[in-house]
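The following exercises concern the reading of a protein structure. Each consists of a task and a solution in steps.

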Amino acid sequence: MNREEALAAARRNGDVLMTEGKHFDADLEIVLAAVQSSVDALLWADPALREDKQVLLAACAANGRALRYTKALRSDKDVALVAVENDGDSLQFADRLRGDRDVVLAACAQTGWALQYASEELRDDEEVVAVAVEQDPKALRCASDRLRNRPSAGKGRERPAAGISSKGSGSGGKLW
């Protein structure tokens, strides 16, 4: 397989690096194409490119869980924000940024359950919890004891029928 064929194949299915990686795993253009179509392409990329910010930004924009394949860039706020905006659950891989308010707010806005990965301090932050609960009312379970058990928790909040999320219901009711 020549370079042009590998590039075309990587655009269709990034897993081509698994079979052709020996020849193209350090080719930035091919790796960028591959990570946009398959998050697992990072497994087959040259180790230096797994830690390349441009590559990780592209991979995280396509699939936030790409953050799990880096060590050095897990604590890079730009990379983490792209990852959590794509998949809030990728906050679990952003070790040092679980206490960063901006990153946690973005994660909780994408999926309320990301609150479970936030620092203890942010699980006790009313705004962060409100964002998470607005996205998914059941995320209140991940809030601090203080917020979860306060007398007003759950009052005035719409309770959707079992198995039905109130997100996007258009009801405009207060969620928390």
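**Exercise 1.** How many salt bridges does the structure hold?

*Solution.* The structure is a predicted model, in which local features need pLDDT of at least 70 and side-chain atom pairs count only at pLDDT 80 or more, while totals for chains, interfaces and linings use all residues. Residues are numbered from 1 along each chain as its sequence is written, and side-chain values use heavy atoms, with hydrogens and water left out.

Step 1. A salt bridge is a side-chain nitrogen of Lys or Arg within 4 Å of a carboxyl oxygen of Asp or Glu.
Step 2. By this criterion, the structure contains 16 salt bridges.

**Exercise 2.** Describe the salt bridge between arginine 3 and glutamate 29, including the location and exposure of both partners.

*Solution.*
Step 1. The closest N and O atoms of arginine 3 and glutamate 29 are 2.7 Å apart.
Step 2. This pair links distant parts of the chain, since arginine 3 belongs to helix 1 (residues 3–12) and glutamate 29 to helix 3, 26 residues apart. Helices here are DSSP runs (H or I, at least four residues), numbered from the N terminus.
Step 3. Exposure follows from relative accessible area: buried means under 20%, exposed over 50%, and partly exposed in between (1.4 Å probe, protein chains only). Arginine 3 has a value of 30% and is therefore partly exposed. Glutamate 29, at 38%, is likewise classed as partly exposed.

**Exercise 3.** Where is aspartate 27 found, and is the residue buried or exposed?

*Solution.*
Step 1. Aspartate 27 occupies the loop between helix 2 and helix 3 (28–37).
Step 2. Its relative accessible area is 18%, so aspartate 27 is buried.
Step 3. The side chain of aspartate 27 makes a polar contact of 2.7 Å with that of arginine 3. A polar contact is a pair of N or O atoms within 3.5 Å; within protein, one must be able to donate a hydrogen and the other to accept it, and residues adjacent in sequence count only if both atoms are side-chain atoms.
Step 4. The side chain of aspartate 27 also reaches the backbone nitrogen of isoleucine 30, at 3.2 Å.
Step 5. Apart from neighbours within four places in sequence, aspartate 27 is in contact (heavy atoms within 4.5 Å) with Arg3 and Leu49.

**Exercise 4.** Which residues of helix 7 are buried, and why do they lie on the same side?

*Solution.*
Step 1. In helix 7 (residues 77–86), the buried residues are Val79, Ala80, Ala83 and Val84.
Step 2. They lie on the same side of helix 7 because they cover an arc of only 120 degrees around the axis; the arc is that of the directions from the helix axis to the C-beta atoms.
Step 3. An α-helix has 3.6 residues a turn, so residues three or four places apart point the same way.
Step 4. The buried residues of helix 7 pack against helix 6 (53–62) and helix 8 (101–110).
Step 5. At the start of helix 7, a side-chain oxygen of aspartate 76 comes within 3.0 Å of the backbone nitrogen of aspartate 78.

**Exercise 5.** Describe the salt bridge between arginine 65 and aspartate 89.

*Solution.*
Step 1. The N-to-O distance in this salt bridge is 3.3 Å.
Step 2. The pair links distant parts of the chain, 24 residues apart: arginine 65 lies in the loop between helix 6 and helix 7, and aspartate 89 in the loop between helix 7 and helix 8.
Step 3. Arginine 65 is partly exposed at 27% relative accessibility, whereas aspartate 89 is buried at 18%.

Methods. Helices (H or I, at least four residues) and strands (E, at least two) are DSSP runs, numbered from the N terminus.
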